[in-house]
Amino acid sequence: MSKQELLLLDCGVSPFCGRVKIALAEKGVEYESKEENVLGGKSELLLSSNPVYKKVPVLLHNGKPLCESSIIVQYIDEAWPSPPLLPTSPYERAQARFWGDFIEKKVFDGGSKIWKSKGEEIEVAKKDFIETLKQLEGTLGDKDFFGGENFGFVDILLIPLTTWFYSYEKFGDFKVEEECPKFSTWVKRCKQRENVVKALPEPEMVYEVVLMLRKMHGVE
């Protein structure tokens, strides 16, 4: 496959773009990437490719746009079946999608409430966020990855979000490693994978973006 057939509309600090980059890397698929200025001027290509949400990531496959990161990851898994990201068992696939949906609804928005809040609201947001991580830690159990021995769909959806945890910790005054040690071990295990490391930004870079976002939201 030539690079010209796949174009990712990307943003370096976006964990949702990170999902797509990891999935493509796991499949060994080459692609081109176009960085979008999501806080400044979004390109006409982005606006026309995702007219509903006007957000990254967008993956253009032979000119056809695909939107929403979890949907794109599932598309990648179907378009390039080997190695599989989802389990072969229908029940296990359903379970993976359940936890993927849980992650979509809980993790990023829950963490964002920490840096968007002030005073006592921060404590409430922090408590809810830690509870979410403990639920994930419970389903992870003693497994290496959420699907068992193999890095897969749920791991790909979740690990990019952890690049924002440093910011949540700074504004919430807590440490994920102290609250959820097994979860933290999973994070470290995932970050030993070259495909993960290459796809994700440094947490300090994300923190600088969060500082800017706080000013934009009038939190400062």
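This is a predicted model: local features need pLDDT of at least 70, side-chain atom pairs count only at pLDDT 80 or more; totals for chains, interfaces and linings use all residues.
Helices and strands here are DSSP runs, numbered from the N terminus, with at least four residues of H or I for a helix and at least two of E for a strand. Hello everyone, and thanks for coming. Residues are numbered from 1 along each chain as its sequence is written, and side-chain values use heavy atoms, with hydrogens and water left out.

Let's start with some backbone details. E68 sits in the loop between β4 and α3, and its phi is near 75°, a positive value in a residue other than glycine. With a relative accessible area of 34%, E68 is partly exposed; buried means under 20%, exposed over 50%, and partly exposed in between, using a 1.4 Å probe and protein chains only. N62 also has a positive phi, about 55°, although it is not a glycine. You will find N62 in the loop between β3 and β4 (64-67), and at 51% relative accessible area N62 is exposed.

Now for the cis peptide bonds. One joins V56 and P57, with omega about 0°, and P57 lies in the loop between α2 (44-49) and β3 (58-61). Another joins S82 and P83, with omega about -5°; P83 is in the loop between α3 and α4.

Next, a pair of helices. How do α1 and α3 lie relative to each other? Their axes come within 9 Å and cross at roughly 10°, so they are roughly parallel. Axes are lines fitted to C-alpha atoms, for helices over the stretch in contact, and angles run from 0 to 180 degrees between N-to-C directions; under 35 degrees counts as roughly parallel, over 145 as roughly antiparallel, 65 to 115 as roughly perpendicular and the rest as oblique. Contact means heavy atoms within 4.5 Å. On the α1 side, the residues are F16, R19, V20, A23, L24 and K27, and they meet S69, S70, I72, V73, I76 and D77 in α3. By class, this contact has 7 nonpolar, 2 polar and 3 charged residues. For those classes, Ala, Val, Leu, Ile, Met, Phe, Trp, Tyr, Cys and Pro count as nonpolar, Asp, Glu, Lys and Arg as charged, and the others, Gly among them, as polar.

Let's look at S70 itself, which lies in helix α3 (residues 69-79). Is S70 buried or exposed? S70 counts as buried because its relative accessibility is 15%. Leaving aside neighbours within four places in sequence, S70 is in contact with R19, E104, F153 and L157.

Finally, the pockets. On a 1 Å grid over the protein atoms alone, a pocket is an open set of points where a 1.4 Å probe fits, with protein on both sides within 12 Å along at least five of seven lines, and lining residues have an atom within 4 Å of a point. Grid points are joined across faces, edges and corners, and a volume is the space filled by probe spheres set on the points. The largest pocket has a volume of about 1000 Å³. Its lining has 33 residues, and S14, F16, K55, V56 and F108 lie nearest the centre. The largest share of that lining, 7 residues, comes from α4. The second largest pocket holds about 520 Å³, and α4 gives the most to its lining too, with 5 residues.
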